[in-house]
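Hello,

I am handing over the structure we discussed.

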Amino acid sequence: MSRAYYWMVVPAFVLFFLLHTVPVLQGFYYSLTDYPGYGEHAFVGIRNYVNLFKDDRVLEAYLFTFQFAIVATILTNVIALAVAVGLNARIRFQTALRGIYFIPNVLAILIVGYIFNYLFANSVPAIFGGTNLLADPDLAWIGIVIVAVWQAVAFNIVIYLAGLQTIPEDLHEAAMIDGAGRWRRFWSVVFPLIAPFFTVNMVLSAKNFLQVFDHIVALTNGGPGSATTSVSLLIYTGGFQGGEYAYQTANAIVYFVIIVLVSIFQLRILQRREVTM
Amino acid sequence: MLRRLAAPLTLCLVMAGCAGDSRVTLDFFQFKPEATETFDKLIAAFEREHPNIRVVQNHVPNAETAIRARLVRGDVPDVLALSGNSVFGELAEAGVFRDFSGYAGRQAINPAVQKVLDDLGTYRRGEVNGLPMCTAANPILYNKAIFDQHGVQPPKTWDELIAAAKRFQAAGVTPFYLTLKDAWTALPTFNSLAANLAPPDFFAGRTADRTTFAQAYPDVARRLAELFQYGQPDRFSRGYDEGNREFAQGKSAMYLQGTFAIPAIREAEPDFEIGAFTPMERLVTGVDVVITMPREPRRPRESQLFVDYLMSPEVIRAYTREQVSIPSLKDAESDDPTLQPLMPYYAAGKVTGYPDHHIPLAVGLERLVQQFLIDGDQRELLAELDSEWDKVMERRS
């Protein structure tokens, strides 16, 4: 074996280990203590983990986050795939339109959030009537879904476009000669062939939406009440502002394990239906 | 660009280090970003009086996190200006600060204000671990022009306040501009009600499980909800900054904010005079700036000189005039016209601290109050307060 491979692998491994694995292990250690974020601490065993399961506020945050992530993941992928198919067709201004659809991805979420905040509070009620979506505890999550999907679609379009371009033109022609209509061609030729890209997009968007934080900080800060408090936001507010660093670190460890499990589950299911040419 | 700046900057720092060898340098930790310039002026005057002392003002964002991090390393600044909140109490209890109980300059300080500060926590019973320089209060702010126009006098009781609110509403004027998108903006009112309506020893009783929020706080919740129905319809989509601006533009007769909002409101250039009153018996007040020094100072004489200077009546007056806060001296009144009507409360000792400083932040008081103001479910609010309190205490034990 050439030594060049080690030169490529070892530095990356060291960096990953120092900047990622070590902090995770440190966090795991703190989750077994009563550390408030400064000063002294004592070892308390698994008490923090036991308390997590008794805390209804934590349970509510998990429920909200999963509902949000499922709705946002489905919407993002449906819309992104539809737009990508459109952008892949022979249309005018194709390149310009592709550029425009990518813009939301390069904007900072906090800034987008504050702009949408203004739109929801002032413009939307003025044009369509009604009240501010974000001020209603039962509807505020819809506002967050709208902003999150609007922003996330941009990146997913790019991946779907890449996928669509891997499909050889002769397959389309063959299907057309066999008399397949547009829908038939999409479901029987296009969709099966871009399945690996569908898998990547589903897994990545689910993971990103499960970690939703910036959108909520910019739009509702977890409110009204605690209606839109996601798990990440709860970890941040409880751990850093509430002085319960160790307790919320335990929450973070549990959540990390859950996200890993969800991703593995998704990969298993989705990869089963991928086809190779 | 950066590189061109870096060389002269380094040179400056080195020179300053060299030039400072004959002078003693004091590290002055200061938490308030708005007050940086005011302190710069005060420091310049001090250095003219004491040519052998150099004071370096040290201000950082997130001062409370920063000071905790420095304490972990055992590195306490020579003189500190901190906010008189629960964090100060925690640090004082940990024995970080000096005991000022025998300090001569303390005679001039208003004892009621000193008590508010000491109640937050001290190292040993009877110690004084910080000197209050000035305070902020939680009155109700009002638009004098609108009050005059409708012939309404500043209310002195709760019933008068509700009557005034009804009268403005009937005349088509918004009584209160509410900013409940920022959940914390309900807390000044919550504090005023809790300090006056709940038993004074409530938190000691709650800690010992002798009482509950459900028993002691129904009145607080009821009046909070009663007052907040007199706000504008979009109260849940407006925030603090919008509130300051809209009140300055005369959009409401009254504004439920502490005196700390006054500089921001004046910045929007209102064309009326801002007034302040409280319908409650006792005025809720918090220590805006506490001056203190380490328990074991590195340069006791110089640190003490600077503390003496900061706590001298002239300096306190100069500071409070610029920052629109209330001097915590026995005989010194604020000459700010808005704050004037609040002075009798200080003179009579009818001031009290913030009740919410006793509620752990992890309870999430502001979110619970915001939820309550949306759905009006008083039983749910009080039950949640009790259960969150119990859960936090259990996690701490």
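The notes below cover the interface and then the annotated spans.

This is a predicted model, in which local features need pLDDT of at least 70 and side-chain atom pairs count only at pLDDT 80 or more, while totals for chains, interfaces and linings use all residues. Residues are numbered from 1 along each chain as its sequence is written, chains are lettered from A and ligands numbered from 1 in the order written, and side-chain values use heavy atoms, with hydrogens and water left out.

Interface. Chain A puts 30 residues into the contact and chain B 24 (heavy atoms within 4.5 Å). Together they bury about 2,000 Å², 39% of it on carbon and sulfur atoms (accessible area, 1.4 Å probe, lost on being put together, summed over both). On the chain B side, Lys181(B), Arg367(B) and Arg395(B) lose the most area to chain A, together 32% of what that side buries.

There are 6 salt bridges between the two chains (a side-chain nitrogen of Lys or Arg within 4 Å of a carboxyl oxygen of Asp or Glu). Glu394(B) and Lys54(A) form a salt bridge at 3.0 Å, N to O. Helix 18 of chain B gives the most to the side that touches chain A, with 7 residues (helices are DSSP runs of H or I, at least four residues, numbered from the N terminus).

Annotated spans. UniProt (unreviewed entry) places "transmembrane region" at several spans of chain A, including 61-87 and 99-120; such annotations may be inferred rather than shown by experiment. Residues 61-87 of chain A are 100% helix, with end C-alpha atoms 38 Å apart. For residues 99-120 of chain A the values are 91% helix and 26 Å.

Regards

Note on methods:
Buried area is the accessible area (1.4 Å probe) that two parts lose on being put together, summed over both. Helices (H or I, at least four residues) and strands (E, at least two) are DSSP runs, numbered from the N terminus.
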